[in-house]
Amino acid sequence: MAAMACALWASSASAQTLEPPPASPTAREVAERVENNFRGESGFLDATMIVKSPRLPEPRRMRFQSWDDRGGKRSFVRVLEPAKDKGTAFLKLHPNLWSYIPRVERTIRIPPSMMLQSWMGSDFTNDDLVRESSTLDDYTHRWLGVDPSHQGSRAFVIEHVPKEGAPVVWGRIAVWVDAARLVPVRQEFFDEAGEKLRVMTLSDLRAVGSRVYPHRWSMTPLDKPGHETRIEVNEIRFGEKFADDIFTQRNLTRRD
Amino acid sequence: MAPAPMEFARSLARPSTWRLALRGLGRQPRRSGVVLAAVAIGLGALVLAMALQFGLIEQMVETAIRTEIGDLQAHAPDWNEAPPLERRLPLAESLAALEGAPTLSGVAPRVRGEGLAQSPRASVGVRVLGADPEREPSVSTLASFVRTGAWLGEPRRVVIGSGLARRLGVEVGGKVVLSVQDARGDLTGESFRVGGIVNAPSRELDESVVVVRIDEAQRLYAIPGEISEVALRARDGEQLAAASAVAKRALGESARVETWRELEPMLVALLGLFDQMGWVIYAAIFVAMAFGIANVLLMSVFERTREIGVMLAIGMLPARMVAIVTAESVVLVVTGVALGLALGFGAIWLLRDGIDLAAWSEGMREFGVPTLLKPVARAGDVWAPLWVAGITALIAGFWPALRAVRIRPAEALRRT
Amino acid sequence: MILRLAWRNIGRNKRRTGLTVAAAVFAVVLVVHMIALTTGVHEGMIETNVRMHAGHLQVTGAGYLEDRTLERFARWTPALARAIDGAPGVAAAAPRVNGFALLSNGPASQGVALLGVDPAREGAVSVWPERVVRGEFLGGGEREIVLGERVAEALRVDVGDELLVFTVAYTLENAYEMFRVRGVLRAPDPTLDRSLALISLADAQALLVYEERVSEIALLARDAARLAETRAAVASAVTTVSAEALDVNPWQRVMPELEQMLVIDDAQNYSMLGILVLVVTFGLLNTILMSVLERQRELGVMLALGLQPRALFRLVYVESLLLSGVGLAVGLALAIPGAAIMEQNPIPLTGEVAQMTAQFGVDPIITWKLEAWNPLAATALMIGIALLSALYPAAKAASARPVDALRSL
């Protein structure tokens, strides 16, 4: 109850600083543009994931590269660092997910029951890694207002409310969208009682071709103190045509 | 003079023998009362003991079988060689074949699958049971355990156990996302609201089952028109074999029908153990009853040795004497048996709401475990104690009488 | 005076004495055996289940039973081991790590409950080592695994084959290791058989990066009847050496379904015992009453000779008590060795039931178990029955009128 009151106070406090929303675009349009800009089609990603947890004496860093072919419903991920996990690779060929472990030179098929498990111990799941569907249709959108200076920039604040039946655990999600570049910069996840449970911040916005992409993501579960998962993008490219031999079992076992 | 056995039989057929017997009994009201009480209480106790024994077994079967399994289940022929979702039955055909079958009182189609139940705070691996809201209660008692909220019915409403609700941190009306792998292999999910929370009588059920409307389960798993199993209830638990045969005939080669005894061998073993132990104890009470009756009758007849001696001295035929004493026993036993049955069934009736055992164990109250011990009366089961009471009484009456008449009158008179 | 008179009366009428004593003997023998039987069967079931896996007591991290995650742990330090091993009443202790893993062999993979056990200690607590049907149980070797029969079947592996164990470590990283199948065991129930894999505690702790942590420490008590005492002793022993809060759970909390079953069965058996006592009480009452009625003339004579009704009451009452006392003594003399013999020679179950119970690792027998309280309870019960059942006949005797009695001549 105290937590709920606290959350209500927090959301109303931030609401007080918001300016009224513009007449256009609509909240839905903002969400659509963000989706187009952000989720994009096929892409190559080189990133480092940093996991903080009270279980770990110091944060764990892991660098990986991913090839994501949306149209072909397939993706490929290879771990580069740390040395212990180097060469570990994941191949998703709809609907199967395989993983190769170089240390024991084995390929295993990850059964669907494990798809929703945490990916490499992060606050993301295996499924997050390979999900294809657009989440736009799972929500209705409405304006919360405009934040005149969210970390120095003007931000649209849009609320995503899951539709009845949509596979979303949250009660609602408040999203701060950089007004000029239409990139999400902050997401707050609430349960149905209105308690804020997670915060994701996206920062270090940089131009990638024709679009702007946040190069630093940070997910903080508020109900698990001491936990944080951060992704730092080293390189990202969109719209590439990938060779078919990337998405093969043979590529899984390839060693550089 | 006719041979003794014939004279005995002839005497028994004579109304005057019975009149004399009744008068004899009336002359000794206390003694008759004692014998009557021995027979009545012994038999009443036995009837109650038997009812308790059946009550126990029924209770255990009820908890274990009725909660979810049902009397019988029909599956695809090779169902236990693969995950439940991969071996399916057609819904419409199965229902058409089974519904209205003579020995079946309940037919409930089900979808079974696995999945992950998620709330903002937790994800729990669960067993998904797709159930028909109307038909399910005809087979299982699951619906009766709803503690808050309501049983299935409303669209997008699920029923979960109180343990699962606690782990997910949800209440009635709260949102639960079910993520599953459907029959095509795709990961998919939908959100549901908790329509009801059951206090399920087993930990497994309480902590890891989500009950979904069967049509929604079919949609979720992408198996339109198909099901995993049909749970059946036999019209009478005793007719398991008959019901099984009927179901097998109705479904033919397309499905495999198994009784709960085949599905739950561990439970059968356990019940068997309890049952055998119960019978040992029952036998003890049985013997105690027979002993009590025999004892009292022996006493009463020994006591009468003198009286019989007097009767013989004044010229009564020995065979007729034995017939009178036997008739007395018969009258006593018949009345005693009637009283005993009244006592036994009266006690059963008094205990019809069961004896609540909740106070005995804290662990039991945590779950929705039925903590009632209820005697279950089955008319057919009174015959064994009845025969034993009757035969014991007759032997105990006849034999001492026979002995008494063999004693010379003078000696009989002297003996008391 | 009364006692002597009563004793003489008993000796005088052998038949009556015989019948009454027989009734009492019978009652005592039945009660002792019934209690012994109930105790025996239940103890057998508890022991079987306790030895199957759970142990009499489980020391776990606080709240582990409600939330079985790696987050809830106890530290299996030498100090904790010493504290538990040294706690009075503890017969054996086995630390375990309970994890979840994916086992994989080629295209086949199977999710299992991964159990890390100390091969040197486990056998003293549970019967896992005895359930191995092929190969051997875990020994001192590294990266060896024992699988449930159906797990092995699903993965198409057998003794000597290698497979991959994949899990998420406590440190949240993916953990992989190749293990060699050392043994295949048959778990008592099919679900477990489909989902159980055992590795050594050291391997489990290394794989899960769990250091000296364990999920539970299963304990076997020296004397199951004094579990509460042992539990308290263990609880106080572990609090002094463990930095984390620990729970000490009795088997009733670990296996509530078993507890429930036994409570119901107990209630049923003791209801039956109550019924038996009722039947016996009435049997005895009837017998004594009969003997009083039979002696009406004699009693009438005694009254006519000037004996007080109160004295007559006492005479009959003491007589009855003496009879019951003799019955009790003879009954105990018969019942105790009888129950002891049954304890040594349990009744084998027959037919379908026997096959089933054997299949699940339960000895197919009905066992007797004679505990000290049992004959004491039977004695108390018998004395109660005697005191009660003699009341009415004695009152009846005292109320006999001399005229009535003489008239029946």
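**Strands, domains and contacts in a predicted complex**

In chain C, strand β6 (residues 144–148) and β9(C) run antiparallel and are joined by three bridges. Two strands count as paired if DSSP finds at least two bridges between them; helices (H or I, at least four residues) and strands (E, at least two) are DSSP runs, numbered from the N terminus. The complex is a predicted model, in which local features need pLDDT of at least 70, side-chain atom pairs count only at pLDDT 80 or more, and totals for chains, interfaces and linings use all residues. Residues are numbered from 1 along each chain as its sequence is written, while chains are lettered from A and ligands numbered from 1 in the order in which they are written.

Strand β9 (residues 196–200) of chain C is largely enclosed by the rest of the structure, because five of its five residues are buried. A residue is buried if 20 or more other C-beta atoms lie within 10 Å of its own, exposed if 12 or fewer, and partly exposed in between, with C-beta atoms placed from the backbone.

The largest nonpolar core has 290 residues, and C:A197 is listed with B:I285, C:I84 and C:L276 as touching the most other members. Such a core is a set of buried Ala, Val, Leu, Ile, Met, Phe, Trp, Tyr and Cys residues joined through C-beta atoms within 7 Å. In soluble globular proteins, nonpolar side chains tend to be buried together.

Chain C is assigned domain 1 (2–50 + 258–407) and domain 2 (63–244), with bounds that come from an automatic or database domain assignment. Taken over C-alpha atoms, the centres of these two domains of chain C are 50 Å apart. For the complex, the predictor gives an ipTM of 0.77 and a pTM of 0.73.

Chain A is divided into domain 1 (44–111 + 241–256) and domain 2 (124–226), and 25 Å separate their centres over C-alpha atoms. Strand β9 (residues 172–178) of chain A is mostly covered, with six of its seven residues buried. Strand β8 (residues 153–162) of chain A pairs with β9(A) in the antiparallel sense over six bridges, and A:E159 has A:A174 as its bridge partner. Strand β10 (residues 183–190) of chain A is also antiparallel to β9(A), over seven bridges; A:V175 stands opposite A:Q187 there. The hairpin of β9(A) and β10(A) has four residues between the strands, and in it A:L182 takes a positive phi near 55°.

Between chains, 18 residues of chain A are in contact with 19 residues of chain B. The chain A side has eleven nonpolar, two polar and five charged residues.

In chain B, B:V376 lies in the loop between β14 (372–373) and α14 (383–406). B:V376 counts as partly exposed because it has 18 C-beta neighbours inside 10 Å.

Definitions and conventions: Two residues are in contact if their C-beta atoms, placed from the backbone, lie within 7 Å. Ala, Val, Leu, Ile, Met, Phe, Trp, Tyr, Cys and Pro count as nonpolar, Asp, Glu, Lys and Arg as charged, and the others, Gly among them, as polar.
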